[in-house]
Amino acid sequence: SINLLTRTFISHRTNLSAMRLLSMATMLWCIVTASADVRGVEMPTWIEEAGCTDGQCGPIAMNLMQTANEGHRNTAALQTRKKVAERVVRHLKGIGDSVRASAVAQQACSLCLLAGRNLDEYMAVVTGTPELGILFLWVAELSVDKTVGVTVGDVHGTNVTYAFLGNHLGCVRMEGPSGPSPQLGLLSQASVAIDGLVDESQRRLANTWPAGLWPSAAVPQPVLDFADTAIEDPDAYAILVSYKGTLVERYSSKHSITAESKLHGWSMAKSILSLLIGARQGEGHLDPASYIRALEIGDDEKMRRNLTIENVLSMRVGQPLDESLGTSFDLWTAHSSAAYALEGLPRHSSQDGDFYYASSNSNLNSRELRYTFADDAQGLAEYLEYPWQALFAPIGATSFACEVDPAFTFVFSSFCYASARDYMKIGQLILQKGSWEGEQVIPAGWIESTTRVVSERSPEYASGWWRKERQYPTAEFDTPVISATGVSGQYTLVIPEHDLVIVRLGLAEGRSTAWWNSSGSPLKVLLDSLPSTPR
């Protein structure tokens with residue numbers, strides 16, 4: 001197999017640069033076994049100050065640092081974010097080997113196996129995202145095998161494996177020889193059921209807009225100019241614009257992105273969760289005004305914070321678990337992300353109604369969604385299939401993959417992947433007030449209420465959706481701009497007044513906001529050129 005040929009061809013002491021020459025050939029079956037002598041590699045000063053010196057850091061990290069010294073574009077960010085990097089390194093040194101290794105394994109599994117990126121592309125993400133790059137300080141071995149998953153070994157001998165569950169449930173951490181739990185087989189069964197929902201959706205919507213055939217009518221020149229300008233950002237993966245139902249697409253050939261590429265939306269998953277809660281409420285199985293179960297804390301704390309589902313959704317429940325840079329890895333790699341969030345919740349720190357944006361809140365509500373199904377194997381299967389049954393399949397967004405933690409709760413804070421077109425369909429669903437091909441997929445009242453700001457304590461945030469005209473007054477928008485937003489420049493912008501939806505996906509934040517968040521930005525120019533559309 002390619003896997004075995006790769007092991008044979010690459011010596012045990014091959015460094016990462018040599019691996020890059022083979023990455024296109026190995027594709028998903030990529031193996032890195034790095035034991036290179038790293039003495040003499042010049043390290044950025046913040047690494048030395050953090051106490052990570054020869055013998056304490058993984059050899060892959062040393063190659064990254066060497067690449068940075070040779071002028072690699074993205075790793076310069078590690079230098080410019082010195083204080084952040086120092087803080088993250090200090091934290092990661094103390095969180096435990098399994099958490100660090102899990103964070104690397106999770107990303108490698110999702111990007112290499114689920115998203116289909118090769119090793120070189122994965123390392124580009126690592127070096128362009130300082131927090132992930134820093135994790136490589138402790139990585140000694142990275143093994144990726146489609147039939148097994150991903151195993152990461154750190155310099156202290158800890159090994160972590162993430163199993164690959166297929167194109168829709170992605171990757172999950174194995175905890176012991178039997179997997180995350182004795183119910184691991186349920187994930188595979190759910191994956192098969194989801195495949196069936198996807199196949200049926202593709203047959204039913206194959207020749208309808210916008211699942212298959214997008215209109216080809218001419219669009220105004222300013223729309224084309226905007227798309228051409230936005231894709232010029234070297235960190236952009238994809239720019240899509242839907243104007244009055246006509247789609248304009250631009251993809252980055254530099255990053256090998258196509259219309260079929262699965263791309264990480266990061267916190268845009270929070271907006272997906274908001275839609276699913278709305279769907280479940282519309283079925284009569286969920287009351288947003290009810291308190292969350294939260295067995296990990298007392299009723300007095302729930303009442304003091306007013307921990308209702310709707311308040312958690314709008315992030316108005318007081319100070320959350322600390323999620324400073326570095327600590328997010330603990331949340332992402334916990335056995336139960338919801339339980340971890342509650343166990344670390346500061347007690348008596350703030351009053352209810354105070355707005356704190358936190359990924360932990362989304363994972364609490366993801367578990368609340370699970371609680372609306374029976375507490376048995378059948379109920380778990382229905383929960384795992386629900387995002388596709390209630391949302392993705394009805395609108396033809398069949399590329400979506402959303403991942404679970406080892407407790408089988410969707411990590412809707414951060415871990416959904418999809419094609420740019422399918423993110424566009426989510427935005428179009430908002431524009432159409434939850435209606436799709438004559439079917440009311442999400443109640444219109446829910447769309448209206450959750451995209452509207454509900455408290456002046458959080459004037460820029462609704463309930464799973466940002467309001468960019470409030471968040472960034474300098475952008476000088478004079479119309480509502482509803483946004484699903486993810487770190488590193490992931491956006492789905494819905495602008496009802498102009499019958500406009502824009503999707504931007506990419507690698508890094510940096511210049512990615514220049515096209516929309518300043519006076520005279522390309523987006524502002526576009527909006528000023530378009531007539532208003534009564535809705």
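Student: Which residues are buried in helix 22 (residues 522-529)?

Tutor: Please keep in mind that this is a predicted model. In helix 22, the buried residues are Leu 523, Lys 524, Leu 526 and Leu 527. They cover an arc of only 160° around the axis, and therefore they lie on the same side of helix 22. The general idea is that an α-helix has 3.6 residues a turn, so residues three or four places apart point the same way.

Student: Which exposed residues does the face of helix 22 turned away from its buried side carry?

Tutor: That face carries Val 525 and Asp 528, both of them exposed. As for the buried residues of helix 22, their cover includes helix 11 (221-230) together with strand 15 (490-495) and strand 16 (500-506).

Student: Which residues of the largest nonpolar core touch the most other members?

Tutor: In soluble globular proteins, nonpolar side chains tend to be buried together. Here the largest nonpolar core has 79 residues, and Leu 391 and Phe 400 touch the most other members. Apart from this core lies another, of 27 residues, which includes Val 99, Val 152, Trp 332 and Val 411.

Student: Which residues does Phe 400 touch, not counting residues up to four places away in sequence?

Tutor: With those neighbours set aside, the contacts of Phe 400 include Ile 272, Trp 388, Phe 392 and Ile 426. Also among them are Asn 167, His 168, Lys 262 and Asp 422.

Student: How many cavities of 30 Å³ or more does a search of the whole structure find?

Tutor: Rolling a probe the size of a water molecule over the atoms shows where empty space is left. In this structure the search finds five cavities of 30 Å³ or more. The second largest cavity has a volume of about 70 Å³. Its lining includes Gln 106, Tyr 162, Arg 173, Glu 403 and Asp 405. By class, the lining of the second largest cavity has seven nonpolar residues, one polar and three charged.

Student: Which helix gives the most to the lining of the second largest pocket?

Tutor: Helix 20 gives the most, with three residues. Helix 19 (420-431) and helix 20 (444-450) each supply at least two residues. The second largest pocket holds about 360 Å³ of space and is lined by 15 residues. Nearest its centre lie Lys 433, Glu 448, Thr 451, Ile 482 and Pro 496. The lining of this pocket divides into seven nonpolar, two polar and six charged residues.

Terms used. Residues are numbered from 1 along each chain as its sequence is written. This is a predicted model: local features need pLDDT of at least 70, side-chain atom pairs count only at pLDDT 80 or more; totals for chains, interfaces and linings use all residues. Side-chain values use heavy atoms; hydrogens and water are left out. On a 1 Å grid over the protein atoms alone, a cavity is a set of points where a 1.4 Å probe fits but cannot get out, and a pocket is an open set with protein on both sides within 12 Å along at least five of seven lines; lining residues have an atom within 4 Å of a point. Grid points are joined across faces, edges and corners, and a volume is the space filled by probe spheres set on the points. Helices (H or I, at least four residues) and strands (E, at least two) are DSSP runs, numbered from the N terminus. Ala, Val, Leu, Ile, Met, Phe, Trp, Tyr, Cys and Pro count as nonpolar, Asp, Glu, Lys and Arg as charged, and the others, Gly among them, as polar. A nonpolar core is a set of buried Ala, Val, Leu, Ile, Met, Phe, Trp, Tyr and Cys residues joined through side-chain atoms within 4.5 Å. Buried means under 20% relative accessible area, exposed over 50%, partly exposed in between (1.4 Å probe, protein chains only). Contact means heavy atoms within 4.5 Å. The arc is that of the directions from the helix axis to the C-beta atoms.
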